[in-house]
Amino acid sequence: MTVTKTSNTVPTMLLSQQPPFVPEDMEAMTVRLDLPPGDPGSPPHRHSGPVSGYMLEGEMIFELEGEPERVIRAGEAFWEPGGDVIHYQAANNLADRWSRFVVVMLCAPGQEMLVYVDDEELEQRRDRRAPRPVFEETVS
């Protein structure tokens, strides 16, 4: 990113990603999502094109197919390639506060930007999901 100094504006690179594909005649959407305290977010789904996001406030549990779940905090950016990749989680990690984030989605024209994945497909692809943490009960 090159900026010609004509003002006191200071750009901060948050995320740079080369999309694996961009839908032909794509449509760009910018959406703000507000998750109530403890909200589990959308059920497993996929997007018709790549998605770039930024956490405005709070924390989100984020999990894509093939990647371990992670927590994204306010001020952090995230990326998902869209297409065939399942987005398992985008849940509010906070039980007592709202979490808010903005996404820019490149969507294939004529296709839904969010399509839910049914239980049968989840079962067929379970080997593509990163291992889930196992918590053992501690006996004192």
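The accessible surface of the protein comes to about 9,300 Å², and carbon and sulfur atoms hold 50% of that; areas are from the Shrake-Rupley method with a 1.4 Å probe, and for residues only the protein chains shown count as cover. This is a predicted model, in which local features need pLDDT of at least 70 and side-chain atom pairs count only at pLDDT 80 or more, while totals for chains, interfaces and linings use all residues. Residues are numbered from 1 along each chain as its sequence is written, and side-chain values use heavy atoms, leaving out hydrogens and water.

Of the 140 residues, 32% are buried, where buried means under 20% relative accessible area, exposed over 50%, and partly exposed in between, with a 1.4 Å probe and protein chains only.

Now the secondary structure. There are 9 strands and 1 helix, and along the sequence the pattern runs β-β-β-β-β-β-β-β-β-α. Helices (H or I, at least four residues) and strands (E, at least two) are DSSP runs, numbered from the N terminus. Among contacts with a separation of 6 or more, 78% are between residues 24 or more positions apart; contact means heavy atoms within 4.5 Å.

Next, the sheet. Four strands form an open, antiparallel sheet in the order E1-E8-E3-E6; two strands pair if DSSP finds at least two bridges between them. Strand E1 (27-35) and strand E6 (77-80) are at the edges with a single partner strand each, so one side of each has no neighbour in the sheet. E6 pairs with E3 in the antiparallel sense over 4 bridges, and Tyr54 stands opposite Ala77 in E6.

Which strand is largely enclosed by the rest of the structure? That is strand E7 (residues 87-92), because 6 of its 6 residues are buried. E7 pairs with E4 in the antiparallel sense over 5 bridges. In that pairing, Met60 stands opposite Asn92 in E7.

Met60 also brings us to the core. The largest nonpolar core has 13 residues, and those touching the most other members are Met60, Phe62, Ile72, Phe78, Phe101 and Val103. A nonpolar core is a set of buried Ala, Val, Leu, Ile, Met, Phe, Trp, Tyr and Cys residues joined through side-chain atoms within 4.5 Å. Strands E3 (51-57), E4 (59-64) and E8 (99-107) are the elements giving two or more residues to this core, and E8 gives the most, with 4. Leaving aside residues up to four places away in sequence, Met60 touches Met55, Arg70, Val71, Ile72, Phe78, Ala90, Ala91, Asn93 and Phe101.
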